[in-house]
Amino acid sequence: MSQTKPRSPSTPHRQSQGGKDFRKRVQRSKDQPDKPAPQPASTPRTGNVSAKPCLNLKSGREKSLQRRHPWVFSGAVECIDGAPRSGDTLPVRDAAGNFLAWAAYNADSQITARVWSWSEKDVIDEAFFRYRIADAIKARRTLSLDRDSNGLRLIHGESDGLPGLIVDKYGDVLVMQLGSAGPEHWRDTLADILQELCSPVCIYERSDSDGRELEGLPKRCGVLRGVLPEKVEVTEHGIRFAVDVAAGQKTGFYLDQRDNRALTGTLAAGLDVLNCFCYTGGFSLYALRGGAKSVLSIDSSQEALQLAQRNVVLNGFDASRAEWQCADVFEALRKLRDQNRKFDLIVLDPPKFAPTAAFAEKASRAYKDINLLGFKLLRPGGLLFTYSCSGGISDDLFQKIIAGAALDAGVDAKIVKKLHAAADHPVLLSFPEGAYLKGLVLRVS
Ligand code: SAH
């Protein structure tokens with residue numbers, strides 16, 4: 001049987017819509033040929049059609065499942081018994097016929113199945129999903145995560161035992177994102193359970209992540225339950241943010257940076273701050289509240305910048321300390337360097353440059369470029385808050401890229417803190433892909 005080499009899929013947790021500018025940029029550079037476009041998944045081989053539906057693994061390919069990694073790649077599949085449709089739940093068996101897991105099948109994806117449960121006794125039905133969703137909500141309550149914000153990620157896909165399902169809560173509005181065939185199949189059930197457990201005024205569907213194409217699913221957005229209020233807002237660590245649930249990036253807001261934004265705010269007093277890739281002003285608003293002397297914020301999205309400025313007004317902050325620039329950060333940083341502008345605190349929070357390892361090389365150059373320029377714009381003693389949300393860039397590689405950038409910028413820098421996504425974005429130990437957001441706080445001497 002011929003199998004295409006499994007392409008590691010994009011982690012579903014932070015979309016790369018914001019990266020389109022970057023993609024255009026790298027495609028324009030002709031020094032390296034582009035990697036081939038992702039191949040459609042090869043249809044798994046049919047086994048015994050009249051047998052009960054089952055996914056049978058090749059001999060020796062059960063190891064990652066035994067370590068409880070929840071994905072079955074197409075290359076590990078020997079054959080599919082019966083005639084299941086995408087989204088159906090199948091038992092996964094090793095070559096000797098032993099049960100390994102219940103998983104959602106998708107014939108059209110490189111990830112042929114995503115595991116719902118490791119227990120043969122489990123029945124994957126409405127009660128199963130109610131239990132898993134209630135457990136995810138309980139975990140957030142136990143950790144008192146709603147103390148800091150009424151904007152929370154309620155369900156974080158694989159790490160909450162619900163592969164492909166993201167649910168973000170913005171006040172009393174829920175936004176649901178279905179990233180794979182399993183949750184797509186259970187869409188109505190999931191919406192009913194969320195309605196029952198959370199009583200939101202609206203459940204809005206934002207199933208428009210880039211990853212859906214790789215799953216063979218069409219993009220789909222719209223109201224699923226209730227009515228979308230004209231204004232949706234969250235209050236995070238006491239700061240109000242308007243959220244554009246229908247047209248904003250991702251599900252409307254970058255909840256994962258909540259605690260890192262707060263940290264920046266506590267350090268900003270009296271400083272000249274530069275916030276690159278500012279979206280709706282997250283880090284900028286914290287810096288303004290923290291008493292920054294000036295905050296220059298840059299983003300390529302005019303809509304995001306408009307909302308950012310509305311957010312300043314919403315909070316009654318002094319707008320005269322805030323400057324907004326609609327520009328490509330790669331170009332804007334060069335201009336600032338040429339103007340000899342200097343800052344005390346710089347935030348670099350770009351979109352996902354490397355959704356998969358295949359993009360790592362080009363993405364590394366882009367990360368190095370902005371960080372090198374960032375280092376050059378810092379005054380001695382200045383702080384750089386630099387992030388990567390790329391699944392295709394490991395912690396180690398990110399640190400190496402930043403070390404190379406500091407070297408080429410001719411600065412000595414030390415890591416004073418390592419940062420991650422907030423606790424409503426947990427990481428299942430057997431699913432390291434869940435730890436997609438990495439941040440470093442560096443102090444230059
Ligand atoms: N820090 C933000 C989230 C940043 S998301 C927060 O806390 O909310 C990444 C942002 O980068 C998006 O707003 C996107 O519009 C912007 N972006 C993407 N490519 C860009 C580019 N080349 N130049 C400027 N902004 C860009």
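Guide: Let us begin with one residue of this model, which is a predicted one. D299 touches F277, C278, Y279, A304, L305, Q325, C326 and A327, where residues up to four places away in sequence are not counted. D299 itself belongs to strand 15, which covers residues 294-299.

Visitor: Why is D299 called buried?

Guide: The word buried is kept for residues under 20% relative accessible area. D299 has a relative accessible area of 9%, so D299 falls on the buried side of that cut-off.

Visitor: How far apart are the C-alpha atoms of D299 and A104?

Guide: They are separated by 38 Å, and along the chain the two residues are 195 residues apart. A104 is also one of the residues that line the largest cavity.

Visitor: What makes that space a cavity, and which residues line the largest cavity?

Guide: The name applies because a 1.4 Å probe fits there but cannot get out. The lining of the largest cavity consists of A104, Y105, N106, I111, R114, S180, A181, G182 and E215. Two or more of the lining residues come from each of strand 5 (99-105), strand 6 (111-117) and helix 4 (181-185). Sorted by class, the lining holds four nonpolar, three polar and two charged residues. The space in this cavity is about 40 Å³, and the structure holds two cavities of 30 Å³ or more.

Visitor: How do you know that R261 and E236 form a salt bridge?

Guide: The rule asks for a side-chain nitrogen of Lys or Arg within 4 Å of a carboxyl oxygen of Asp or Glu. For R261 and E236 the closest N and O atoms are 2.8 Å apart, so the pair meets the rule. R261 lies in helix 7 (residues 258-267) and E236 in strand 12 (residues 233-236), which means that the pair ties together parts that are 25 residues apart in sequence.

Visitor: Are R261 and E236 buried or exposed?

Guide: R261 has a relative accessible area of 3%, while E236 stands at 0%. Buried means under 20%, so R261 counts as buried and E236 counts as buried too.

Visitor: What makes K219 a partner in salt bridges, and which residues does K219 pair with?

Guide: K219 forms a salt bridge with D210, with the closest N and O atoms 3.5 Å apart, and K219 forms another with E213, where the closest N and O atoms are 3.7 Å apart.

Visitor: Why are K219 and D210 called partly exposed, but E213 exposed?

Guide: Exposed means over 50%, buried means under 20%, and partly exposed lies in between. K219, at 42%, is therefore partly exposed, and D210, at 22%, is also partly exposed.

Visitor: What makes a group of residues a nonpolar core, and which members touch the most others in the largest one?

Guide: The largest nonpolar core has 41 residues, of which Y170, V245, V273 and F385 touch the most other members. Helix 8 gives the most to this core, with five residues. Apart from this core lies another, of 36 residues, including F277, F375, F398 and A405.

Visitor: Why are H237 and N340 worth a remark on their phi angles?

Guide: Most residues other than glycine have a negative phi. H237, although not a glycine, has a positive phi of about 45 degrees, and N340, also not a glycine, has a positive phi of about 60 degrees. H237 is found in the loop between strand 12 and strand 13, whereas N340 lies in the loop between helix 10 (329-338) and strand 17. At 23% relative accessibility H237 counts as partly exposed, while N340, at 57%, counts as exposed.

Key
Residues numbered from 1 in each chain as written. Predicted model: local features only at pLDDT ≥ 70, side-chain atom pairs only at ≥ 80, totals over all residues. Heavy atoms only, no water. 1 Å grid on protein atoms, 1.4 Å probe; cavity = no way out; pocket = protein on both sides within 12 Å on 5 of 7 lines; lining within 4 Å. Points joined across faces, edges and corners; volume = space filled by probe spheres on them. Helix = DSSP H or I, 4+ residues; strand = E, 2+ residues; numbered from the N terminus. Nonpolar A, V, L, I, M, F, W, Y, C, P; charged D, E, K, R; others polar. Buried < 20%, exposed > 50% of the residue type's maximum accessible area, 1.4 Å probe, protein only. Core = buried A, V, L, I, M, F, W, Y, C linked by side-chain atoms within 4.5 Å. Contact = heavy atoms within 4.5 Å.
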